[in-house]
Amino acid sequence: MKFKRMKKADLPSFIKELMSKGIVVGPVRKPGGGYTFEVLSEESELALDYVASQTPPKKFLFPPKEILLEFYDSEVKPVFPEGGFIFFGLHPCDINALLIIDKVLTSNYEDPYYKARKEGLTIIGVDCKPEETCFCESLGTFKVEEGFDIFLRESGNYYYAYIATSKGESLTGSPIFEEISEEEARRVEEESYARYKGMVKVKVEGLPQRVDELFEQEDFWKPLGDKCLGCGNCTMVCPICVCFNVVDEVNADLKSGRRVRTWDACTLPAFSLVAGGLNFRPKILQRIRNWYYDKFKIFPDEVGRLGCVGCGRCVKYCPAGIDIREEIARMWGEKP
Ligand code: SF4
Ligand code: SF4
């Protein structure tokens, strides 16, 4: 790791330089309030003091809707996307989330569409200012050790750059960056960790075993099933959920069309509907239980990490007021 810093006043020229090298995606303010990740058309759009965006940056690597192939009669043409994104301003939780979905989408089966979008990806992270809904402290996901090219920490009049890759090195090669000692960089790092203290705590040690023990206990899941609307919002905003559906859209000529992939959610009734009209999770209780089981048991079993980074988006955007932190507390028999 190398360490440099640049004056805050030099940030716009750094962004401009990045925009000359690729498609820069960063957090911008939404007209109605809140934040979203978008392709920047000018550096002034960047809102670096943002709080968690409603939809995570994964949407550029795994879009809500994408055409996989087009067909006409027996002629089939795969549609491959292009990459080359420069993600600027990702918070530590979203960098950790990308590391997790990368394992899901490249381990047993490599998703060629995700892979094409990820080609040439550059990630520049930035420290965040946690909100009331965040709980990354308990999950340790406020720290990033990998999964980025450069990570920026704000202190005084500077952005301190933690440079993890040769790409990061070449991007910080201009004279606006000056070298600093590791000692200074580590001091700023410790200072920055202090901002993540004081969040609501959740107990994650032993959670996979605990959720497994609870799976068959319907009494535990009933209050959750009674409250949940089965709307799928929690999945749509989660930086880790990557379930999808694939449908063929046929044109009126009944010969041509396209194969489309869209985000899906295990909390939605049609997710578990199979041929013949059988639904193997007809009740909301079964579906929301599956969501928790997947995150806290299947993910650790399959990819070695919990399927949650504590970003708090599902807490913020659940219309029924379900709070994953309170549900974890209930799993341990604690009062939320
Ligand atoms: S489960 Fe909720 S808190 Fe955890 S990563 Fe997904 S949206 Fe964020
Ligand atoms: S957002 Fe809330 S109500 Fe909607 S499916 Fe998720 S937990 Fe249920």
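These are my notebook entries on a predicted model of one protein chain.

**Ground rules.** I number residues from 1 along each chain as its sequence is written, and I letter chains from A and number ligands from 1 in the order in which they are written. Because the model is predicted, local features need pLDDT of at least 70 and side-chain atom pairs count only at pLDDT 80 or more, while totals for chains, interfaces and linings use all residues; side-chain values use heavy atoms, with hydrogens and water left out.

**Overall fold.** I looked up the secondary structure and found 12 helices and 12 strands; these are DSSP runs numbered from the N terminus, helices being H or I of at least four residues and strands E of at least two.

Of the contacts with a separation of 6 or more, 73% join residues 24 or more positions apart; a contact means heavy atoms within 4.5 Å.

**Core.** The largest nonpolar core has 37 residues, and Trp221, Trp291 and Phe296 are among those touching the most other members. Such a core is a set of buried Ala, Val, Leu, Ile, Met, Phe, Trp, Tyr and Cys residues joined through side-chain atoms within 4.5 Å. Helix H10 supplies the largest share of this core, 8 residues.

**Thr267.** I placed Thr267 in the loop between strand E12 (256-263) and helix H10 (284-303). Thr267 counts as buried because its relative accessibility is 2%. Beyond its neighbours within four places in sequence, its contacts include Gly230, Cys234, Arg287 and Trp291.

Which residues did I note with positive phi although they are not glycine? Asp73 has phi near 55°, and Leu254 has phi near 60°. Asp73 is in the loop between strand E4 (65-72) and strand E5 (75-78), and Leu254 is in the loop between strand E11 (244-250) and E12. Asp73 is partly exposed at 47% relative accessibility, whereas Leu254 is exposed with a relative accessible area of 70%.

Conventions
Buried < 20%, exposed > 50% of the residue type's maximum accessible area, 1.4 Å probe, protein only.
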